[in-house]
Amino acid sequence: MSAIVTAAELRRSRVRLFIVTMLFLVTTVNYADRATLSIAGPALSKELHLDPVAMGFVFSAFGWSYVLAQVPGGWLLDRFGSRWVYACSIVIWSIFTMMQGWIGFFSGAAAVTALFALRFLVGVAEAPSFPANARIVAAWFPSNERGTASAFFNSGQYFATVIFAPLMGWIAHQFGWRHVFTVMGALGIIMGLIWIRTMYGPKDHPDVNEAELDYIKQGGALIDMEGARDGKASAGGPTWSHIGQLLSNRMMLGVYIGQYCINTLTYFFLTWFPVYLVKERGLSILQAGFVATLPALCGFIGGVLGGFISDAILRKTGSLTLARKIPIVGGMLLSMAIIGCNYVDGQALVVGLMALAFFGKGIGALGWAVVSDTSPKEAGGVSGGLFNTFGNLSSITTPIVIGYILSATGSFNGALVFVGLNALVAAFAYLFIVGRIQRVELRAS
């Protein structure tokens with residue numbers, strides 16, 4: 001029997017591995033573009049004379065529009081498919097990223113306004129990205145591979161820092177902060193062009209064979225989800241009734257709360273962490289760019305490991321609920337190590353505790369696997385959009401709350417407690433609110 005299985009596996013193409021690699025690369029560029037402002041922030045704030053509260057609001061500009069555009073972005077994905085909507089998203093957000101390097105032509109309030117507006121537009125353009133990732137994983141991967149696939153693409157957020165934080169720090173140090181934006185914007189445009197040449201749905205991909213299609217379909221992949229081809233509208237589309245049913249589902253509400261809290265850790269890292277290293281720990285901007293790579297690398301390792309652990313638990317127990325909850329809850333409790341940075345002085349200990357916290361955050365960052373597991377086939381994009389709406393409210397609140405804490409106390413101590421307590425609430429939400437994890441079945445409108 002094992003010989004037959006081996007022969008079948010040998011005949012099966014592996015296109016889905018290329019697909020998730022592309023998702024990982026695009027997500028890496030996505031998060032690098034989000035982090036450009038945090039790397040350029042110390043020099044930019046000095047040149048534009050921005051205080052911590054003003055920087056908090058500029059950091060939050062991305063979040064306002066990103067949150068508001070989530071459900072419309074998800075609707076576009078369900079209506080027109082992921083291939084073209086995502087391609088347009090990548091190119092447009094990269095253009096707006098590049099344009100942030102031009103705000104040096106302005107001064108004073110005009111520069112601040114232009115920077116806020118461009119960050120706002122980046123948020124609008126990036127809105128479809130993660131709902132599209134979840135749709136593509138749901139379409140291409142069977143249930144027992146979905147945790148690993150989702151964790152792998154999601155770990156791009158840490159890999160972005162590992163690869164690009166030192167690069168952007170070096171560019172800012174050598175050539176000035178403006179060039180951080182122009183280089184990263186150009187890279188994103190190139191990625192968008194590669195995407196449109198290589199990405200297709202399971203039924204449309206020229207390299208997939210019947211053996212792989214049968215395997216992923218029998219394993220629970222929604223291969224018809226990517227039915228809209230080449231930007232043509234699919235029949236119908238999600239309705240307000242579908243949105244209402246998702247919002248009234250207790251399981252999904254628990255998932256939304258958990259993701260909001262998990263993303264608080266993400267947005268501390270993307271916005272205030274380099275500033276913390278420079279202003280609280282006395283590093284240079286170049287040193288901060290390199291030091292930030294260790295927590296990011298640990299987050300990347302934790303992210304991939306969390307997916308493997310989750311899928312291994314699923315294969316062993318057959319319980320999707322245990323498979324997703326154990327890594328999420330355990331990872332969030334480990335993330336509370338970030339509070340320990342308040343009680344140590346050595347830079348090595350601080351970086352070590354941050355690394356431990358982001359390793360835990362990586363293990364627990366399985367929210368997108370849960371979205372792929374639970375999204376109804378009629379509204380996968382909208383389901384991901386709602387999830388990302390709630391999750392990324394923290395992209396607005398985190399930078400602003402931390403800005404006010406710094407303004408009031410002159411220290412990051414309260415900010416780190418705030419971030420750590422959010423990890424505790426995320427664990428609570430999955431333990432006591434979510435309940436059994438299963439695919440949502442929508443009633444007819």
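**Buried charges and salt bridges in a predicted model**

When its neighbours within four places in sequence are left aside, Arg119 is in contact with Asp33, Arg34, Thr36, Leu37, Val58, Ala61, Phe62, Ser65 and Gln100, where contact means heavy atoms within 4.5 Å. The model is a predicted one, in which local features need pLDDT of at least 70 and side-chain atom pairs count only at pLDDT 80 or more, while totals for chains, interfaces and linings use all residues. Residues are numbered from 1 along each chain as its sequence is written, and side-chain values use heavy atoms, with hydrogens and water left out.

Arg119 is located in helix α6, which covers residues 108-126; helices here are DSSP runs of H or I with at least four residues, numbered from the N terminus. Arg119 is buried and yet has no salt bridge, since the nearest side chain of opposite charge, that of Glu126, is 7.1 Å away. In these terms, buried means under 20% relative accessible area, exposed means over 50%, and partly exposed lies in between (1.4 Å probe, protein chains only), whereas a salt bridge is a side-chain nitrogen of Lys or Arg within 4 Å of a carboxyl oxygen of Asp or Glu. For charge, Lys and Arg count as positive and Asp and Glu as negative, with His and the chain ends not counted. The side chain of Arg119 does reach the backbone oxygen of Arg34, at 2.9 Å, and it makes a polar contact with the side chain of Gln100 at 3.5 Å. A polar contact is a pair of N or O atoms within 3.5 Å, of which, within protein, one must be able to donate a hydrogen and the other to accept it; residues adjacent in sequence count only if both atoms are side-chain atoms.

The structure holds 7 salt bridges, among them one between Arg16 and Glu145, whose closest N and O atoms are 2.9 Å apart. Because Arg16 lies in helix α2 (residues 15-48) and Glu145 in helix α8 (residues 143-154), this pair ties together parts that are 129 residues apart in sequence. Arg16 counts as buried at 4% relative accessibility, and Glu145 counts as buried at 18%. Another salt bridge joins the side chains of Arg135 and Asp78, at 3.0 Å from N to O. Arg135 belongs to helix α7 (residues 129-140) and Asp78 to helix α4 (residues 70-80), so the pair ties together parts that are 57 residues apart in sequence, and both residues are buried.

A further salt bridge is formed by Arg324 and Asp373, with the closest N and O atoms 2.6 Å apart. Since Arg324 lies in helix α16 (residues 320-335) and Asp373 in helix α18 (residues 367-374), the pair ties together parts that are 49 residues apart in sequence.

Arg281 is found in the loop between α13 (250-280) and α14 (285-291), and it is buried, with a relative accessible area of 18%. Although Arg281 and Gln347 are 66 residues apart in sequence, they are 7.2 Å apart in space, C-alpha to C-alpha. The side chain of Arg281 also reaches the backbone oxygen of Asp345, at 3.4 Å.

How values were computed. Helix = DSSP H or I, 4+ residues; strand = E, 2+ residues; numbered from the N terminus.
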